[in-house]
Amino acid sequence: MTRVTLALLVLLLTTGCATQRAVAPSPTARESAPVAEAVAPPVDSPEAFAALAARDAQLRDAAGWALTGRLAVARGNDGGTLNVQWVQTGASFDIRLSAPVTGRQWRLSGSADGATLEGLGDGIRQGPDAESLLLEATGWRLPIRQMPDWVRGLRGPGPVAGLSVDAEGRPVGFRQDAWTLSFRDWWPGAPPLPRRVFAEAEGASVRLVVSEWKARPE
């Protein structure tokens, strides 16, 4: 190989390397680069509890609400599934229950001052406490006093233990009045409301699946 040929070969190789180093990334490559996404606050973080407090305040300001859904109740070996329509206005409640197979219907209504149960074979019953009245007449144990708060994902009056909050500020579960609450699914909204609420206490269980929420009862 002559000196001239060798010099030309070295020049070509050097030019090729320099060209490769000078190539800029294509617009497509720049567009496909990963973009940093907003990171949700961790579960049970101060930010999550702050979001929970804001959600609670918004819900407690509501004068009333209504829900429609299905209720599964069990106590020992006894239990059943019921359709439920619940209307709450302040401390007053109107709960309609119906058996999907037999079509039998019950109505539990009242307030903090007492309750009335209709739909029994022996006529209307009344009592000072809605939960006790329903339990004695049907064997179903429903925490009527606390449920207006619990079904909306709120804590009722009194001590609470084991409160856990997800990254969006929604309760995952807690314990109150011997009941263990867990919230399995949520309807979207501002604020979000539970779709599935499970409660258990001393051999009794309540499972509520909400098919519709109304901000204002009709």
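**Ground rules.** I call a residue buried when its relative accessible area is under 20%. I also keep in mind that this is a predicted model.

**Asp94.** Is Asp94 buried or exposed? I looked up its relative accessible area and got 17%, so by that cut-off Asp94 is buried. Asp94 sits in strand E3. Next I listed what Asp94 touches, skipping residues up to four places away in sequence: Gln85, Trp86, Val87, Arg107, Leu108 and Ser109.

**Overall count.** I stepped back to the whole protein and found five helices and eleven strands. Of its 218 residues, 36% are buried. Among contacts with a separation of 6 or more, 40% are between residues 24 or more positions apart.

**The sheet.** In what order do the eleven strands run? I traced an open sheet, E6-E5-E4-E3-E2-E1-E11-E10-E9-E8-E7, with antiparallel pairing. E6 and E7 (161-165) stand at the edges with a single partner strand each, so one side of each has no neighbour in the sheet. From one strand to the next, the twist averages 20°.

I went through some of the pairs.
- E1 and E2 run antiparallel and are joined by twelve bridges. Ala74 has Gly79, in E2, as its bridge partner.
- The hairpin of E1 and E2 has two residues between the strands, and in it Gly76 takes a positive phi near 65°.
- E1 and E11 (residues 204-214) also run antiparallel, with ten bridges between them. Here Ala66 stands opposite Lys214 in E11.
- E2 (residues 78-89) pairs with E3 over seven bridges, again in the antiparallel sense. Trp86 stands opposite Ile95 in E3; Trp86 is also among the residues that Asp94 touches.

**Helices on the sheet.** Which strands does H3 touch? H3 (residues 46-60) packs on the sheet against E7, E8 (171-176), E9 (179-187) and E10 (193-201), and its direction makes about 95° with that of E7. I then looked up H4, which packs on the sheet as well, touching E1 (64-75), E3, E4, E5 and E6; its direction makes about 30° with that of E5.

**H3 up close.** I checked its length: at 1.5 Å a residue, the 15 residues of H3 should span 21 Å, and the end C-alpha atoms are 21 Å apart, which agrees. The buried residues in H3 are Ala48, Leu52, Arg55, Asp56 and Leu59. Looking down the axis of H3, I find them within an arc of 100°, so they line one face of the helix. The buried residues of H3 pack against E7, E8, E9 and E10.

**H4 up close.** In H4 (residues 130-138), Ala130, Leu133 and Leu134 are buried. Why do I say that the buried residues of H4 line one face? Seen down the axis of H4, they fall within an arc of 95°, so one face of the helix holds them. The strands they pack against are E3 (92-98), E4 (105-111), E5 (114-118) and E6 (125-127). At the N-terminal end of H4, Asp129 is the cap, with a side-chain oxygen 3.4 Å from the backbone nitrogen of Glu131. Just after H4, Gly139 takes a positive phi of about 85°.

**Arg141.** My last stop was the loop between H4 and H5 (147-150), where Arg141 is found. Arg141 is a loop residue, yet it is buried, with a relative accessible area of 19%. What is Arg141 in contact with, leaving aside neighbours within four places in sequence? I noted Arg75, Glu131, Leu135, Trp179, Ala201, Glu202, Ala204 and Val206. Glu131 had already turned up in my notes, as the residue whose backbone nitrogen lies 3.4 Å from the Asp129 side-chain oxygen.

Definitions and conventions
Residues numbered from 1 in each chain as written. Predicted model: local features only at pLDDT ≥ 70, side-chain atom pairs only at ≥ 80, totals over all residues. Heavy atoms only, no water. Buried < 20%, exposed > 50% of the residue type's maximum accessible area, 1.4 Å probe, protein only. Helix = DSSP H or I, 4+ residues; strand = E, 2+ residues; numbered from the N terminus. Arc of directions from axis to C-beta. Contact = heavy atoms within 4.5 Å. Polar contact = N/O pair within 3.5 Å; in protein donor to acceptor, adjacent residues only side chain to side chain. Pairing = 2+ DSSP bridges. Axes fitted to C-alpha atoms, helices over the stretch in contact; angles between N-to-C directions. Expected span 1.5 Å × (residues − 1).
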